[in-house]
Structures are given as C-alpha cells and as structure tokens.
Protein chains: 4
Amino acid sequence: MGKDRLAAFSDGVIAIIITIMVLEVHVPHGADWAALTSVAPNLLTYVLSFVYIAIYWNNHHHLLHTVARVDGLILWANSHLLFWLSVLPVATAWMGQHLLTPLPTAVYGVALLMPAIAYYLLVRAIIHRHGEHSVLAKAVGADFKGKISIILCFAGSALAFASPWLSMGLYVLVAVMWLVPDLRIEKIIGRE
Amino acid sequence: MGKDRLAAFSDGVIAIIITIMVLEVHVPHGADWAALTSVAPNLLTYVLSFVYIAIYWNNHHHLLHTVARVDGLILWANSHLLFWLSVLPVATAWMGQHLLTPLPTAVYGVALLMPAIAYYLLVRAIIHRHGEHSVLAKAVGADFKGKISIILCFAGSALAFASPWLSMGLYVLVAVMWLVPDLRIEKIIGRE
Amino acid sequence: MGKDRLAAFSDGVIAIIITIMVLEVHVPHGADWAALTSVAPNLLTYVLSFVYIAIYWNNHHHLLHTVARVDGLILWANSHLLFWLSVLPVATAWMGQHLLTPLPTAVYGVALLMPAIAYYLLVRAIIHRHGEHSVLAKAVGADFKGKISIILCFAGSALAFASPWLSMGLYVLVAVMWLVPDLRIEKIIGRE
Amino acid sequence: MGKDRLAAFSDGVIAIIITIMVLEVHVPHGADWAALTSVAPNLLTYVLSFVYIAIYWNNHHHLLHTVARVDGLILWANSHLLFWLSVLPVATAWMGQHLLTPLPTAVYGVALLMPAIAYYLLVRAIIHRHGEHSVLAKAVGADFKGKISIILCFAGSALAFASPWLSMGLYVLVAVMWLVPDLRIEKIIGRE
C-alpha cells in the first residue's frame with residue numbers, strides 16, 4: 001500500500017475537521033455588540049484548536065515524508081489519530097460555551113491529550129516498521145517535544161479542577177512550543 | 001475513464017462522511033458530569049461507525065488497486081456504495097440518541113447491511129469487467145468475510161426486536177473481524 | 001493554468017455537496033415507526049438529489065477530460081456551475097420537508113434547472129476556447145440530452161403549481177435518462 | 001517540503017469553506033412565498049461570499065504556481081489565510097440574518113478585510129523566501145489591486161455605521177474588480 005493515498009486521505013479528514021469546527025462558532029443571536037461579544041469565547045477556543053490542528057497537519061506531513069511503506073499497523077495507528085482529532089471540534093464547542101469552567105476545561109485537555117498520545121503511537125508504529133536505526137528513528141530521536149506535550153496536556157487537564165486559567169495557560173504553551181517550526185526531520189534528511 | 005479520479009472522489013466522500021458524523025455528537029447541555037455522560041451513547045456509537053467507515057476506506061483502497069479500467073457499471077456501483085455510506089451518519093445519530101432500543105438498533109443494522117451489500121455488488125461489477133480469471137477474482141475468491149458480514153448484519157438487524165444487546169454484539173463482532181487486516185489481495189498480487 | 005487542479009477542486013466541492021446533503025435528513029424525533037416514517041420524504045428527496053449530483057460529477061469528469069487548457073472564462077463558468085450545485089442541498093431539504101407541495105416542488109425544479117443551464121454554459125465556454133471543430137465540439141454535438149434536460153426541468157418547475165406529482169415524474173425522468181451512461185465523448189475520443 | 005501538498009490541503013479547506021457556507025442558508029420555515037422570500041437575504045450574502053472565496057481560490061492557485069519551495073513562515077502565513085477564510089461563513093450567516101444593519105455589516109467587512117491582509121502577508125512571506133528579484137516579486141509588483149482591496153474593505157467596514165448600503169456597495173465593488181481575471185502572473189511567467 002502506497003503512502004500517497006494515506007497522506008491524501010489524512011489531509012482530507014484534517015481539512016474537514018479544521019473547517020467544520022467553525023460551524024460550532026454559532027451565529028450571534030441579535031445584531032448588537034452584546035450578541036457579538038457573546039460568541040467571543042467560542043471564537044477564542046476556535047483559534048486555539050485551529051492552531052493545534054494546523055500543527056498536527058504540519059507534523060503529520062513531515063512524518064509521512066519519512067515513511068517508505070505502509071502496513072496495517074501504521075494504517076490503524078493513523079486512523080486512531082484521525083479519530084481523536086475528529087473529537088476535538090466537539091470538545092472545542094463545549095469549552096467555548098463554558099470557557100474556564102472546570103469540567104469542560106478538563107475535557108478539552110483530554111481532547112488535546114489523546115491525539116498527542118495517538119501521534120506518539122503512530123511514530124512508534126512507523127519506527128517499528130522501518131527499524132530502530134532508520135532515518136525516522138534518528139530524526140525523531142528522544143521526541144522531547146512530543147513527550148513534553150503529553151505531560152503538559154495531562155497536567156492541564158488534571159489542574160482544571162483547581163485552576164482553569166492555569167490549564168488554559170498550559171494548553172497555549174504547548175501550541176506556542178510547536179509553532180516554532182519542527183525542523184528536526186528536515187535537518188537529518190538534508191544530511192543524508 | 002481512469003481509476004485515479006474515481007479513487008480520489010471516493011476518498012473525498014468517505015473522508016467527509018467519517019468527519020461530519022461527529023457533528024451529530026452534540027455538545028453537552030450544561031457544564032457538569034451529568035451533561036457529559038449524557039453524550040456518552042452518541043460517542044460510543046460514533047466510535048463504532050468510525051471504525052466501520054475506516055474499514056470500508058481501507059478495503060476500498062485495496063479493491064481499487066486491482067482495477068485496471070473503470071466503466072459505467074463500476075462507476076454507478078461505486079456511487080451506490082457511497083450513497084449507503086453517506087446514510088450511516090444519520091443512522092448513527094439516531095442510534096446514539098436511543099441506544100439499545102429496538103427500532104433504532106434494527107435500522108442501524110440495516111445501515112451497516114446496505115453498504116456491505118453495495119460493496120459486494122461493486123466487487124461483482126469489477127469482476128464482471130475484468131473477467132472471472134483476473135487477479136481480483138482470484139484474490140477475493142469466495143469472499144468469505146464479505147458474505148459473513150452481510151449475514152451477521154442482517155441477523156443483528158432482525159434480532160434487534162428480541163435483544164438489542166445481541167444485535168450490538170454482532171455489529172461489534174463484524175468490526176473486530178475486519179480490524180484483522182485484509183491481506184488477501186496483497187498476498188496474491190505479491191505472488192504475481 | 002492546468003486543468004488538474006480545477007478538476008481536483010471541483011471534485012472536492014462536489015464530494016462535499018453530495019455528503020452534507022445528508023445532514024438535512026434530520027434524525028427522527030423519537031424511537032418508534034412513526035418517527036422513522038416521518039423522515040421518509042427527506043430520504044427520498046435525498047436519493048434523487050444524490051443521483052443528480054453523481055450524474056454531474058460523472059459528466060463533469062468526462063467534460064474536463066477533453067479540455068486542453070483552462071482560461072478565466074472556463075474557470076468562472078465552472079465556479080458558476082459549482083455555485084448552483086451547492087444550492088441544491090437547501091432546495092432538497094425544503095422539498096423533503098414539504099414533499100409534493102407546489103412552491104417547494106417548483107423551487108426544487110429551479111434548483112435542478114440552474115445547474116443544467118450552468119453546465120451548458122460551461123460546455124459553451126470550453127468549446128469557445130478550443131474551437132468549434134475540436135474533439136469536444138464534435139463529441140458533444142447537438143447536446144440533445146443536455147437541452148432536453150433543461151426543457152424538462154423547466155417544464156417540471158412550471159407545472160408544479162398544477163401537479164407536483166407530474167413535476168416529480170419529470171425530475172425522475174431526467175435522472176433516469178442520464179443514468180444510461182453518457183458514452184458520447186468516450187466513443188469519439190476512442191476513434192481518434 | 002513540497003508545495004503540492006500545501007496546495008492540495010489549501011484547496012481542500014477552501015472547497016469545504018465554500019460549501020458549508022450554504023448550510024447557513026437555512027431551509028425556509030413553511031412552504032409559501034413568504035417563507036421563501038425570508039431566506040433571500042441569506043442567499044444574496046451567500047452569493048457575495050461565494051464569489052470572494054472563488055476569487056481567493058483562483059488567486060491562491062496562481063500564487064502557489066510561482067512558489068519554488070515552502071518554508072515554515074510560508075506554511076503558517078498560509079494557515080493564517082485559511083483561518084480568516086474559515087471565519088467568513090459565520091460572518092456571512094450573521095450578515096444574512098441582519099442584512100444592512102450596521103454592526104453585522106461592519107463585522108462582515110472585517111471578515112473580508114482580514115483574509116485580504118492575510119493574503120498580503122502570504123505574498124510577503126513568499127517574496128521573502130524567493131528574493132525581491134524573483135519572478136513572483138516582479139509579477140506581483142506593487143500589488144495595486146491587493147492594496148486597494150484592503151483599503152476598500154476597511155472603508156466599507158468603517159462606513160457601515162453611517163451607511164450600510166454604501167458598505168455593501170464597496171464590498172461588491174471589490175468582488176467585481178477581481179472578477180476581471182488576474183492575468184498578471186500568467187503574463188510574466190509566459191514571457192520568461
């Protein structure tokens with residue numbers, strides 16, 4: 001099985017996820033400033049989730065670039081990632097309607113945590129197929145940022161019952177950390 | 001007509017189906033645990049349907065890989081399959097709102113049965129075009145799993161009025177059966 | 001400008017249109033037979049619109065196959081077609097909620113008529129670019145079926161105020177007429 | 001990173017945006033003329049936004065055609081553009097429900113202004129990567145139309161509190177200005 005159709009299908013699903021999320025930013029009821037500002041929390045949460053999905057798309061692109069062949073394990077690890085990404089719009093909408101309340105903030109953290117874990121498992125599945133000494137294995141290395149992201153999202157989710165503001169700060173921190181472009185794979189491939 | 005655009009269009013439709021299904025997992029009303037757990041049935045049904053669609057995407061990919069040329073019959077058999085897959089989100093949402101009640105469980109079974117029949121018809125249309133002695137015909141062979149799936153989905157749908165739990169068990173069984181990767185076509189092509 | 005990206009974009013839009021239409025087949029309210037049968041009109045209208053969109057996708061594919069180069073006129077004629085196709089889901093939903101009432105039936109006819117006109121204009125734009133003596137011009141010829149479709153959809157729309165049943169019969173007739181695969185272009189190209 | 005996947009992903013997102021916008025053209029409540037005419041404002045706003053998105057798709061296509069390589073800056077400038085385009089459906093729906101009232105008209109103008117700015121930034125990011133003396137830099141030149149669009153959308157947004165009709169006239173003017181095909185890049189590339 002070629003990786004091109006897997007990449008195209010993943011791109012399609014991610015493009016749809018990033019776009020339908022905006023459907024949950026409901027149209028304001030009324031035509032005045034109060035109506036407009038009432039959707040501000042939805043819009044802010046949408047921005048954050050948009051950035052996360054864009055980061056995943058970017059990293060996923062780099063990841064698949066290193067893949068030589070796709071097997072059943074990689075395929076299902078990829079579908080598993082897409083599943084958790086597809087749940088993010090619902091968590092985003094809930095968070096947007098109840099910004100900075102404990103449970104929605106915690107659930108939003110779980111919705112960020114699960115794709116991070118799924119991405120980690122996809123990396124493992126690809127390394128498993130290509131060998132521990134492959135380009136990818138060297139490129140990803142200790143995957144420091146991936147592991148930090150999992151820890152921060154988990155911490156954010158757990159802390160939501162103590163301080164939703166702190167949780168939100170951690171979620172934003174992870175996004176900022178990734179906006180610095182992930183150049184690891186490009187570097188190593190460039191050297192080959 | 002080339003198969004590439006048919007594959008791309010099918011991938012697009014399947015990617016959209018698998019993603020818009022999540023729109024039916026409604027955002028919880030309220031910010032507490034009761035609100036959250038109220039959407040659990042929707043989420044569970046969504047997981048099952050997601051797996052089914054992913055299986056169809058995977059199998060469809062393998063199937064088209066064997067196709068040399070597309071004619072009108074194959075095209076419409078493919079559109080017929082896409083139609084039934086597109087109905088699954090509605091059946092999933094109904095099932096999610098009325099988990100384990102007889103009629104929605106039976107209708108969900110029909111919504112799983114119809115794509116299985118449509119897939120079988122697509123296989124027949126492709127074999128009809130390429131000949132009974134083609135690679136595909138040999139690869140699919142007796143299509144044991146395909147026929148078993150049709151029987152199990154039909155049984156699940158019929159038994160829903162007696163025991164919705166049993167129906168659900170059968171639907172899950174079919175999904176598990178396919179999660180074991182379908183390696184038949186790969187094997188035969190590998191040998192050529 | 002290459003035709004490949006135009007084809008890919010059009011395929012994407014058509015794939016989304018054909019799929020989001022199902023979102024208007026609302027989930028039944030309640031879990032009994034009465035609830036289920038109440039969505040039957042929506043489902044029936046959805047089937048008809050699905051077939052129409054699938055026909056357009058198929059014909060559009062054949063049409064673009066003959067195109068050598070894309071200019072601004074073709075591009076906007078194509079966007080014009082996509083616009084009218086994108087309106088079909090709304091007309092379908094209205095029709096589904098008020099099956100066989102005069103105005104929705106007439107508007108549905110208009111929603112079928114406009115893409116037919118837009119398709120005709122796209123054909124003209126392509127012939128204009130490639131010359132009256134091109135393969136396409138010969139292949140499409142008098143475009144009997146295209147013109148008949150425009151007349152029948154117009155007639156169906158106008159007759160809706162007299163007999164919605166007759167209108168619906170005409171709409172179905174056009175769909176059936178196109179399900180017979182459009183082999184004109186393939187034949188002429190095959191002969192070249 | 002190749003530009004092909006960036007183009008494909010952007011096309012996917014734009015195709016979805018242009019299509020889901022129609023979901024906000026709600027199905028009329030009732031089956032009479034009053035119900036039908038009540039959705040006319042939504043439909044009119046939809047037409048305008050559809051034309052804007054189609055223009056962006058067209059220009060974006062030409063723009064990427066000139067790109068040789070994609071870096072992180074271009075990638076995020078592109079995601080930034082897609083973000084603002086994805087907000088347009090919400091602004092369109094609000095405008096459609098409150099046609100020619102000050103605040104929604106102003107916000108709609110902002111929703112047209114932001115992608116125009118984002119597009120300008122994307123052009124700058126691409127020029128930054130390829131050099132001020134590249135084909136693209138020469139092709140885009142002073143980017144007169146791009147800057148005029150930004151000014152007109154800004155003016156339209158600001159004037160909405162004085163005269164929503166004037167604002168709407170400016171928004172339509174910008175669309176008309178771009179419907180004249182953007183042939184600048186084609187010309188210069190043709191000459192190389």
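Colleague: Before we look at any packing, what are the axes here, and what counts as a helix?

Modeller: Axes are lines fitted to C-alpha atoms, for helices over the stretch in contact, with angles running from 0 to 180 degrees between N-to-C directions. Helices (H or I, at least four residues) are DSSP runs, numbered from the N terminus. This is a predicted model, where local features need pLDDT of at least 70, side-chain atom pairs count only at pLDDT 80 or more, and totals for chains, interfaces and linings use all residues. Residues are numbered from 1 along each chain as written, chains are lettered from A and ligands numbered from 1 in written order, and side-chain values use heavy atoms, leaving out hydrogens and water.

Colleague: So how do I read a helix pair?

Modeller: Two packed helices are described by the angle between their axes and the distance between the axes. Take α3 (residues 40–65) and α8 (residues 164–179), both of chain C: their axes come within 10 Å and cross at roughly 35 degrees. The crossing of α3(C) and α8(C) is left-handed (the near helix is turned anticlockwise from the far one by less than a right angle).

Colleague: Which residues make the contact?

Modeller: With contact meaning heavy atoms within 4.5 Å, α3(C) brings residues including Leu48(C), Tyr52(C) and Asn59(C), while α8(C) brings Met168(C) and Trp178(C), among them. By class, there are 11 nonpolar, 1 polar and no charged residues (Ala, Val, Leu, Ile, Met, Phe, Trp, Tyr, Cys and Pro are nonpolar; Asp, Glu, Lys and Arg charged; the others, Gly among them, polar).

Colleague: And an interface between chains?

Modeller: The size of an interface is often given as the accessible area lost when the parts come together. Here that uses a 1.4 Å probe and is summed over both parts. Chain A and chain B bury about 2700 Å², 78% of it on carbon and sulfur atoms. Arg5(A), Phe9(A) and Trp76(A) supply 29% of the area chain A buries against chain B, more than any other three residues.

Colleague: How many salt bridges are there between chain A and chain B?

Modeller: The count is 1, taking a side-chain nitrogen of Lys or Arg within 4 Å of a carboxyl oxygen of Asp or Glu. Arg5(A) pairs with Asp11(B), the closest N and O atoms being 2.1 Å apart.

Definitions and conventions
Helices (H or I, at least four residues) and strands (E, at least two) are DSSP runs, numbered from the N terminus. Buried area is the accessible area (1.4 Å probe) that two parts lose on being put together, summed over both.
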